[in-house]
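Please look at the sequence and the structure below. The text that follows takes a few helices and residues in turn.

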Amino acid sequence: MTNDWNSASESARAAARAAADAARNDVELLARIPSISADPARVPDVERSAEATVALLEAHGLEQVRIERIRGALPYVIGAWLHAGPEAPTVLLYAHHDVQPPGRLDRWTTDPFSPTERDGRLYGRGTADDKAGAVAHAHAVGAWLATAGELPCNVRVLIEGEEEIGSPSLERFLREHLDDLRSDVFVLADAGQWDVGVPGITYSLRGLASCDVRLRALDGPLHSGITGGAVPDPVQAMARLIASMSDDRGVVTIEGFADDVVAPSAAEREAIVALGGERGFARAYGLRPGVEIIGDDSVPVYERLWRQPALTVIGFDSHPITGSSNQIVAECTARLSFRLAPGQDPTAVMEAVTAHVERHRPWGLECDVEAFEGAPAWSTDPTGPAFDACRRALRVGFGVEPVAMGIGGSIPFVGPFAAAFGGIPALLIGPEDPYSRPHGEDESLHLGDFANLIASEVQLLAELAAVGGRA
Ligand SMILES: [Zn+2]
């Protein structure tokens, strides 16, 4: 570091580590609130979670902390600390306080909304995604103010309440609050580590496109004994249709679907290859013994996950097994979710999917495709002063060299957000790791790495100050 923040940062990091139990308590407090943005019945909980987030930010010295609302959106929480002077950069710290639904309650070892520690991990919905992100921001700021009495940078904080439903209002919120959010660097604590103990900086995210495909053969169900064998079964038609969308390795083969995919550069591919292959991958993600890794074998597994498209059937409606009888159902619906590679346009993708369904629907069944709003992939060149600052900060916080990595998931607003402020660098870090199971059952936060993350964020503010306004 080339400025005067070196020893102050050391004190602030020590204070942050001394407050590790308090940070964990703050995560527990937030994680007890079932702020499920996808569930209209949970709106009061999302409101409570926003209020708890306000209290958290205020307790750590942020100013002008308040709930901001725009029409039709769940509550945002913003705050700021802007006394570092006009020469210092302004850093926007982002996290979200809403969570995914808990899923199947019987698959949770302990109640999803009663955070519980086991083997150094804190289990509970939202512990990692992303309540720990909000707490990390608060504690990084608090550690500086408690020790130095000031921050090396100007800081703005934005904690969103509807990230888990795709941030439908974030671009509008941004337009209406441009001056509250204007910054030189964007730090998102909604990603995470390459592995336990090994920090990550995320530089690419896949895009997203999804739709419901409905196949209909009949006006109402028919007796399968009297008509089966002559009248087509919409469920089997759907199985054939979905199977026609990929090859034996699960690679999507829809005509025109992957035409615009931009392959990684030679340098990027080299970096991905250097991360290693499938070893450890199956274990990290809990594949049952004997289950194969799918995709194009000629492509490294992490390139498949980060830079190639994929299809997942995320919902399927036919007759449930309970109450089923010998009937041919009238219709069947599947919800298809496509992860998109860089270069793919969500609208063009859906046109290709719709044309494929028209062409390949079996046996003349009526079909209907309802497309939902999508988002393109995002990737950035993980070099330059801000990324170097982030790399140094993570090295200090974790004591290990960070890994530049991709994530197969999507955070649709990262691109538009960075663009709104003239293409500012977006630094994606966070509390998750390959064992965190965000969105799954038994979601958890690694408490040791959580403390390392907070220490890294403390250091990051000093590193970004050293870079100056041109970060
Ligand atoms: Zn998240």
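**Helices and buried residues**

In helix H13, Pro385, Ala386, Ala389, Cys390, Arg392, Ala393, Leu394, Val396, Gly397 and Phe398 meet Asn452, Leu453, Ala455, Ser456, Gln459, Leu460, Glu463, Leu464 and Val467 of helix H15. Two residues are in contact if their C-beta atoms, placed from the backbone, lie within 7 Å. Helices (H or I, at least four residues) and strands (E, at least two) are DSSP runs, numbered from the N terminus. By class, the contact of H13 with H15 has 13 nonpolar, four polar and two charged residues. Here Ala, Val, Leu, Ile, Met, Phe, Trp, Tyr, Cys and Pro count as nonpolar, Asp, Glu, Lys and Arg as charged, and the others, Gly among them, as polar.

The model is predicted: local features need pLDDT of at least 70, side-chain atom pairs count only at pLDDT 80 or more, and totals for chains, interfaces and linings use all residues. Residues are numbered from 1 along each chain as its sequence is written.

H15 also holds Asp449. With 27 C-beta neighbours inside 10 Å, Asp449 counts as buried. A residue is buried if 20 or more other C-beta atoms lie within 10 Å of its own, exposed if 12 or fewer, and partly exposed in between, with C-beta atoms placed from the backbone. Not counting residues up to four places away in sequence, Asp449 touches Gln193, Val196, Gly197 and Asp433. Pro431 is 18 residues from Asp449 along the chain, and their C-alpha atoms are separated by 7.3 Å.

Helix H2 covers residues 20-31, which makes 12 residues. Which of its residues are buried? They are Ala23, Arg24, Asp26, Val27, Leu30 and Ala31. These residues lie on the same side of H2 because they cover an arc of only 155 degrees around the axis, the arc being that of the directions from the helix axis to the C-beta atoms. What covers the buried residues of H2 includes helices H3, H4 and H15 and strands E5 and E18.

Of these, H4 has 18 of its 21 residues buried, so H4 is largely enclosed by the rest of the structure. Just after H4, Gly149 takes a positive phi of about 75 degrees.

Is Leu205 buried or exposed? Leu205 counts as buried, because 28 C-beta neighbours lie inside 10 Å. Leaving aside neighbours within four places in sequence, Leu205 is in contact with Ala377, Trp378, Ile407, Gly409, Ser410, Ile411 and Val414.

How values were computed:
Expected span 1.5 Å × (residues − 1).
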